[in-house]
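Here is a briefing on one structure. Look through the sequence and the 3D view before reading the points below.

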Amino acid sequence: MIEVKEIRKSFGDNEVLKGFSTKFESGKTNLIIGTSGSGKTVFLKTMLGLFKPDSGQIIYDGNPYSELDDEHQRDLREQIGMVFQGSALFDSMTVEENIAFPLKMFTKMKKKERIERANVVINRVNLENANHKLPSEISGGMQKRVAIARSIVNNPKYLFCDEPNSGLDPNTATVIDNLIREITIEQDITTIINTHDMNSVMEIGDHIVYLQKGHLAWEGTKDEIFKTDNKDVTNFVYSSNLFKMVREAQNS
Amino acid sequence: MSYLHSIGEYFLMIKNTFVKPTKGKVLRDLIFKEIDDLIIGSLGIVAFISFFVGAVVAIQTALNLNNPLLPKSLIGFAARQSIILEFAPTFVSVIMAGKVGSFITSSIGTMRVTEQIDALEVMGINSLNYLVFPKIVAMLIYPFLIAIGMFLGIIGAYTAAVYGGFAPSNDFLSGLQQDFIPFQLFYAFFKTFLFAFLLATIPAYHGYFMRGGALEVGKASTTSFVWTSVAIILVNFITTQLLLS
């Protein structure tokens with residue numbers, strides 16, 4: 001479980017996170033949603049320790065991140081998987097090497113075992129015939145799948161995803177959503193996903209946090225989000241024509 | 001104040017480069033890769049420049065020796081002194097600030113822009129140790145590159161002086177050996193080690209702490225070249241003052 005307490009973060013005069021608290025439980029897919037500029041990515045990177053909060057605490061299973069020394073912070077990070085919005089694959093490594101990289105760094109597995117494990121996750125994300133290609137030789141959607149495979153190859157305790165579905169076709173996006181959900185439940189990990197995709201909200205939104213201008217404006221489940229009276233949340237959810245049509249069809 | 005901040009940040013970066021080392025096997029592979037990129041990849045340009053600049057030094061010296069009382073052996077002597085003391089260690093290092101320095105800044109800067117450094121940090125890897133330490137170790141071999149530069153510079157000078165008809169072979173060779181002080185070789189290699197460290201760390205600093213996109217990567221490479229050159233020239237002045245005055 002990850003607990004956030006009164007977190008604040010500013011860049012110069014611009015206060016991006018304005019002090020809020022929430023909890024992300026393990027075994028659930030936790031979604032952070034909100035419009036562009038609402039502070040989602042900063043919130044995610046602050047939880048990961050890439051940005052130091054001005055005040056407040058991030059508590060990983062009872063361990064306040066800011067109170068851990070450098071060594072323990074790094075030990076904790078070894079238990080974290082992260083999917084970056086731009087994939088962040090290592091340019092000089094092949095797909096297979098990228099995916100096996102965390103195993104090479106943190107396990108005593110032999111090369112053959114690493115490759116076998118990498119291929120297990122390659123199959124799980126439906127990535128075929130790309131093992132020996134460089135990231136620059138595959139499509140954006142495939143790069144995203146490689147990033148997801150790399151983040152889960154080491155069986156992380158915490159999984160963070162920044163827009164995991166961007167650049168993926170709807171079918172693959174659903175596969176990825178379901179994959180993340182399956183892994184979350186199977187391994188009882190704490191998964192936090194930063195997304196704009198309302199399909200993901202409907203598919204896997206066990207716990208949803210809605211951010212607005214650095215505040216936590218609403219939180220609840222995927223069933224509750226369609227019944228809420230909060231106008232900002234409603235406007236966000238029904239900004240998609242598809243959802244508008246579904247609502248109109250239901251009303252009529 | 002921003003300069004002081006940058007200098008402090010640079011020294012903190014160096015300190016953090018040596019903590020929490022990356023796994024040995026991985027580090028070994030990275031060091032060999034850096035030796036290939038930074039040293040082996042620079043052999044061609046260093047050899048080419050050294051040979052021809054050595055030749056030019058010999059021709060320039062010969063053309064300025066108008067007095068018939070001055071012996072032709074001075075061509076060899078002047079070529080040796082200028083190549084060993086300044087040209088090979090300092091001039092080549094400034095060129096390397098452009099070649100190797102730009103490569104280091106742009107490769108690390110691109111990793112910063114594309115969040116690859118964030119990915120390393122999130123995994124619990126000390127990105128400074130992973131990225132910068134192998135470059136520092138690889139650059140320990142840099143004096144060998146400079147030794148090759150010295151050798152080829154003198155060969156170039158010999159070729160231009162003897163085959164260009166400026167000095168007989170015997171005169172050039174006796175000038176080359178005239179008043180040789182071994183300490184000067186120590187001085188040349190000592191400052192080369194210092195330049196090697198600057199060549200690995202200043203460009204790495206500019207790449208690692210850059211912000212922005214592709215345009216800023218280009219700007220960081222230019223800034224890194226300027227500051228590495230400035231640092232090399234200053235360190236050259238200080239070491240010369242301390243060791244030769």
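The model is predicted. Chain B has eleven helices and zero strands. In chain A, six strands form one open sheet, and four strands form another open sheet.

**Chain B overall**

- The elements of chain B run α-α-α-α-α-α-α-α-α-α-α from the N terminus on.
- The C-alpha trace of chain B spans about 70 × 40 × 35 Å along its principal axes.
- Chain B has 245 residues, and 41% of them count as buried.
- Take the contacts in chain B between residues at least 6 apart in sequence: 88% of these join residues at least 24 apart.

**Helix packing in chain B: H3 and H8**

- Helix H3 of chain B covers residues 43-64, and helix H8 of chain B covers residues 142-163.
- The axes of H3(B) and H8(B) are 7 Å apart, and the two helices pack at an angle of about 40 degrees.
- H3(B) and H8(B) are therefore oblique to each other. An angle under 35 degrees would count as roughly parallel.
- The crossing of H3(B) and H8(B) is right-handed.
- Which classes of residue make up this contact of H3(B) with H8(B)? There are 19 nonpolar and six polar residues, and no charged ones.

**Helix packing in chain B: H8 and H10**

- H8(B) also packs with helix H10 of chain B, residues 182-208; their axes come within 9 Å and cross at roughly 130 degrees.
- H8(B) and H10(B) are therefore oblique to each other. An angle over 145 degrees would count as roughly antiparallel.
- The crossing of H8(B) with H10(B) is right-handed.
- From H8(B), the contact uses B:Tyr142, B:Pro143 and B:Ile146. They meet B:Phe189, B:Thr192, B:Phe193 and B:Ala196 in H10(B).
- By class, the contact of H8(B) with H10(B) has six nonpolar residues, one polar residue and no charged residues.

**The six-stranded sheet of chain A**

- The strand order is S6-S7-S8-S3-S9-S10 in chain A, and the pairing is mixed.
- Strand S6 (80-83) and strand S10 (215-220) of chain A are the edge strands, so named because each pairs on one side only.
- On average, neighbouring strands of this sheet are turned by 15 degrees against each other, direction ignored.
- Strand S3 (residues 29-34) and strand S8 (residues 190-194) of chain A pair in the parallel sense, over four bridges.
- In this pair, A:Asn30 stands opposite A:Ile192 in S8(A).
- Helix H6 (residues 170-186) of chain A packs on the sheet. H6 of chain A touches S3, strand S7 (158-162) and S8 of chain A. The direction of H6 makes about 135 degrees with that of S3(A).

**The four-stranded sheet of chain A**

- The order here is S2-S1-S4-S5 in chain A, and the pairing is antiparallel.
- The edge strands are strand S2 (14-24) and strand S5 (63-64) of chain A. Each pairs on one side only.
- Strand S4 (residues 55-60) of chain A pairs with S5(A) in the antiparallel sense, over two bridges.
- A:Tyr60 stands opposite A:Asn63 in S5(A).

**Where the chains meet**

- The contact takes 16 residues from chain A and 13 residues from chain B.
- Which helix gives the largest share of the side of chain B that touches chain A? Helix H5 (residues 116-122) of chain B does, with five residues.
- That side of chain B has five nonpolar, three polar and five charged residues.

- Most residues other than glycine have a negative phi.
- A:Ser87 is not a glycine, yet A:Ser87 has a positive phi of about 75 degrees.
- A:Ser87 lies in the loop between S6 and helix H3 (95-106) of chain A.
- Is A:Ser87 buried or exposed? A:Ser87 is buried, because 26 other C-beta atoms lie within 10 Å and 20 or more are needed.
- B:Lys20 is not a glycine either, and its positive phi is about 35 degrees.
- B:Lys20 sits in the loop between helix H1 (2-17) and helix H2 (24-39) of chain B.
- B:Lys20 has 14 other C-beta atoms within 10 Å, so B:Lys20 is partly exposed.

Definitions and conventions: Residues are numbered from 1 along each chain as its sequence is written. Chains are lettered from A and ligands numbered from 1 in the order in which they are written. This is a predicted model: local features need pLDDT of at least 70, side-chain atom pairs count only at pLDDT 80 or more; totals for chains, interfaces and linings use all residues. Two residues are in contact if their C-beta atoms, placed from the backbone, lie within 7 Å. Ala, Val, Leu, Ile, Met, Phe, Trp, Tyr, Cys and Pro count as nonpolar, Asp, Glu, Lys and Arg as charged, and the others, Gly among them, as polar. Axes are lines fitted to C-alpha atoms, for helices over the stretch in contact, and angles run from 0 to 180 degrees between N-to-C directions. Angles under 35 degrees count as roughly parallel, over 145 as roughly antiparallel, 65 to 115 as roughly perpendicular and the rest as oblique. A crossing is left-handed if the near helix is turned anticlockwise from the far one by less than a right angle, and right-handed if clockwise. A residue is buried if 20 or more other C-beta atoms lie within 10 Å of its own, exposed if 12 or fewer, and partly exposed in between; C-beta atoms are placed from the backbone.
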